[in-house]
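Let's look at how a protein wraps around its ligand. Here is the structure to keep beside you as you read.

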Amino acid sequence: MIHDVAIIGAGIAGASLAAALGEGVRVLILEGEDHPGYHTTGRSNAFWHATYGGPQIAPLTLASREPLEEFLSPRGVMTLAHRDSVADLGRMEADYAGMGIRFAMLDRPALEGVLPGLRPEWTAALMEPEGFDIDVAGYHAHCLKQARQQGGTLVTRARVSGLSRQNGVWTVETSAGQFDAALLVNAAGAWADEVAVLAGARPMGVQPYRRTIIQLELAQPVDPDLPMVIDTHGTFYFKPEGANRVWLSPHDETPSPACDAAPEEMDIAVAIDRFQAVMDWPIRRVERSWAGLRSFAPDRLPLFGPDPDVDGLWWCAGQGGFGIQTAPAAAQLCASLIRKEALPLWLAGVDAPAYAPARLI
Ligand SMILES: Cc1cc2nc3c(=O)[nH]c(=O)nc-3n(C[C@H](O)[C@H](O)[C@H](O)COP(=O)(O)OP(=O)(O)OC[C@H]3O[C@@H](n4cnc5c(N)ncnc54)[C@H](O)[C@@H]3O)c2cc1C
């Protein structure tokens, strides 16, 4: 059987695209691991934050909000400024003017009301009431289920090791056997460049960077509904996880080869040090820690669209640190391009050429 589209990678990128391709497209998803979502998708901070990733990512994030609605829980997010960097908050607000994002500036007295225990050097914050926890596993499973209901097939333990194309048909060699497809989508996350090379395409310079998260047990209770907190310089973020736990990241970004990423002791120590410089919350212990790879193209914009050189090869990669919160819009954008259809109205604010791989050549 010749599939219409074979997608390499069953993380959020591949799963959401398989769902968005819709009825009437014979979709095959090939995943190298035992379980879809094992790599970056299963390791995220599970958050929707309109301004995360910059003004060129915000249209994808904003468009994705409604399709994600049933998987979102309100939390809010605040960008915290040290007393030396309060001016950054005004600049940040200006960067997103006209996008319909709600902001509220908080001074120190207001901050004390919202975030008890905040150390005195932190004197202002920009609050975005619309920040949400995402049920990532729920949304990922929903996409895979929809793909299956549309007749799609997911094959796990199918690591792709060879790709060739003849007479408009790709032959895909995997550890689970050989498959044929008319079109191929590279949704291989940290391995995107390696897959491109297998397909005879030039690598786009997709670089994986390690990011660490630790779960701390606190020696005092905190309000579990506190907003997520991030700083203007991007040196940490944290959010409560229940009544006496936080998820904390040192916002590390260490270049890494594509691999099964694991946290380093030094990054855990840095995270705790930075947290203690912000919050006067006693820590009981580090309960667990994990790391994942956030993969970026050189200009830090994602790669959505056809390969510039190789016919029949498409990219859905380079989603960096925003691949969950942008997944519905990204998937629909790629699906519309593949199906040669106009973008739906809900993607009216999305500038498709800005994400085309051809921009990098
Ligand atoms: C610590 C951390 C926090 C994050 N927080 C957030 C957040 O709060 N909000 C947000 O929106 N985003 C967040 N992100 C980013 C988000 O997780 C990623 O952008 C997203 O998961 C990328 O999805 P993906 O499907 O491209 O990659 P992956 O989930 O890594 O999927 C790629 C898949 O391709 C498979 N594959 C690779 N090569 C082959 C091959 N040759 N054959 C077969 N299969 C192959 C892999 O096994 C893998 O399963 C975070 C990331 C990290 C690491």
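## Where the ligand sits

The ligand takes up the largest pocket. On a 1 Å grid over the protein atoms alone, a pocket is an open set of points with protein on both sides within 12 Å along at least five of seven lines, and a molecule sits in one if more than half of its atoms lie within 2 Å of its grid points.

This is a predicted model, where local features need pLDDT of at least 70, side-chain atom pairs need 80 or more, and totals for chains, interfaces and linings use all residues. Residues count from 1 along each chain as its sequence is written, and side-chain values use heavy atoms, without hydrogens or water.

## Who's around it

The ligand is surrounded by 38 residues (a heavy atom within 4 Å). Among the closest are Glu31 and Gln325.

Domain 1 (2-42 + 136-205 + 298-360) and domain 2 (77-129 + 207-296) both supply shell residues, so the ligand lies between them. Those bounds come from an automatic or database domain assignment.

Which backbone lies 2.8 Å from a ligand nitrogen? That's Val160, through an N or O atom. Phe47 has a polar backbone atom 2.9 Å from a ligand nitrogen, and the side chain of Arg159 has an N or O atom 3.5 Å from one. Polar contacts here are pairs of N or O atoms within 3.5 Å.

Notes: A polar contact is a pair of N or O atoms within 3.5 Å; within protein, one must be able to donate a hydrogen and the other to accept it, and residues adjacent in sequence count only if both atoms are side-chain atoms. On a 1 Å grid over the protein atoms alone, a cavity is a set of points where a 1.4 Å probe fits but cannot get out, and a pocket is an open set with protein on both sides within 12 Å along at least five of seven lines; lining residues have an atom within 4 Å of a point.
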